[in-house]
Amino acid sequence: MSQAPNLDWLNAFVQLGKGTKEGYAPLGAGFLVVDERCPWLITARTALDRCGDDELLAWLGQPGVVVGVSQALAGSGLGWVLDEALNLAACPFPLDPAWNARAFSRDAALPSTKLLPTMAACALGSPYGFDLPGRPPVLTLEGAIAGVDLPASRLFTSAPLLPQNVGAPLLVLTAPLSMGGSAMLAGIMAQTMPVRRPVEGVMVPPHLVPTQLHLSLAHPADRVFELLRSPAADAQWSQLQSHAKSMQAATEAPAAGEPRLAASASTPSGTTR
């Protein structure tokens with residue numbers, strides 16, 4: 001009898017948005033990784049820009065909790081670590097076990113030097129715009145690695161990037177899941193690249209030319225873990241440790257495991273849009 005595939009990696013996906021009068025408004029996506037220091041939330045800088053000064057909400061875990069990221073970071077004296085060139089953003093994100101969330105370790109990420117065209121791949125994403133009650137499902141969107149441009153830190157994939165899901169993880173499959181394969185982190189989804197069909201002999205504005213094929217652009221997971229080894233990430237880790245010590249002193253409680261982020265979780269209300 002075959003063993004059921006392990007799908008824990010689905011719980012590393014994070015939906016990012018903000019609250020509105022109509023409900024939860026999606027802004028992007030992200031995922032959790034863990035290094036030797038702590039878990040981190042990874043997303044695209046553009047998702048943060050879309051949020052502006054509003055409270056950034058992270059919807060994660062099973063059955064799903066919402067964490068006010070902006071408030072949690074401010075309460076702990078933390079901030080975002082950015083790679084402006086590649087549109088990457090990361091922040092420390094220690095997890096509460098009750099959230100039932102997962103994170104990709106470095107060992108669960110495939111080095112970009114081992115990525116090859118035609119490798120089976122999938123992007124994670126959530127569909128929006130259907131007035132779905134509750135949390136939108138996390139979908140696996142299949143495709144393949146279409147090209148690898150290591151000098152430019154670019155991956156091309158036929159796995160689609162759903163709207164409002166910039167910052168989602170790109171995964172590669174070591175083998176079919178039904179045959180005991182697993183999913184490894186390959187990169188972070190950056191943008192959709194529409195490939196337009198030329199219209200011979202006719203001058204047509206580009207936005208009116210029928211779209212024949214869509215490709216997605218991603219950046220390798222290597223660059224994510226490089227960002228977590230940067231001086232800016234070191235400073236965030238030091239601040240997290242300092243905050244944990246001050247919280248311990250204030251409560252006169254003994255240290256217990258990893259430092260926790262000063263965050264509150266709740267169950268969202270309303271619908272997504």
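**Note on the predicted model**

1. Trp 99 is buried, at a relative accessible area of 9%; buried means under 20%, exposed over 50% and partly exposed in between, with a 1.4 Å probe and protein chains only. This is a predicted model, in which local features need pLDDT of at least 70 and side-chain atom pairs count only at pLDDT 80 or more, while totals for chains, interfaces and linings use all residues. Residues are numbered from 1 along each chain as its sequence is written, and side-chain values use heavy atoms, with hydrogens and water left out.

2. The count of aromatic pairs is one. Phe 93 and Trp 99 have ring centres 6.1 Å apart and planes at 45°, so the pair is tilted. The rule takes rings of Phe, Tyr and Trp (its six-membered ring) with centres within 6.5 Å; planes under 30 degrees apart are stacked, over 60 edge-to-face, the rest tilted. Phe 93 is buried too, with a relative accessible area of 1%.

3. Asp 49 lies in helix H1, residues 45–51, and is partly exposed at 46% relative accessible area. Its side chain makes a polar contact with that of Arg 45 at 3.0 Å (a pair of N or O atoms within 3.5 Å; within protein, one must be able to donate a hydrogen and the other to accept it, and residues adjacent in sequence count only if both atoms are side-chain atoms).

4. Of the 273 residues in the protein chain, 46% count as buried. The chain has four helices and 16 strands, taken as DSSP runs numbered from the N terminus (helices H or I, at least four residues; strands E, at least two).
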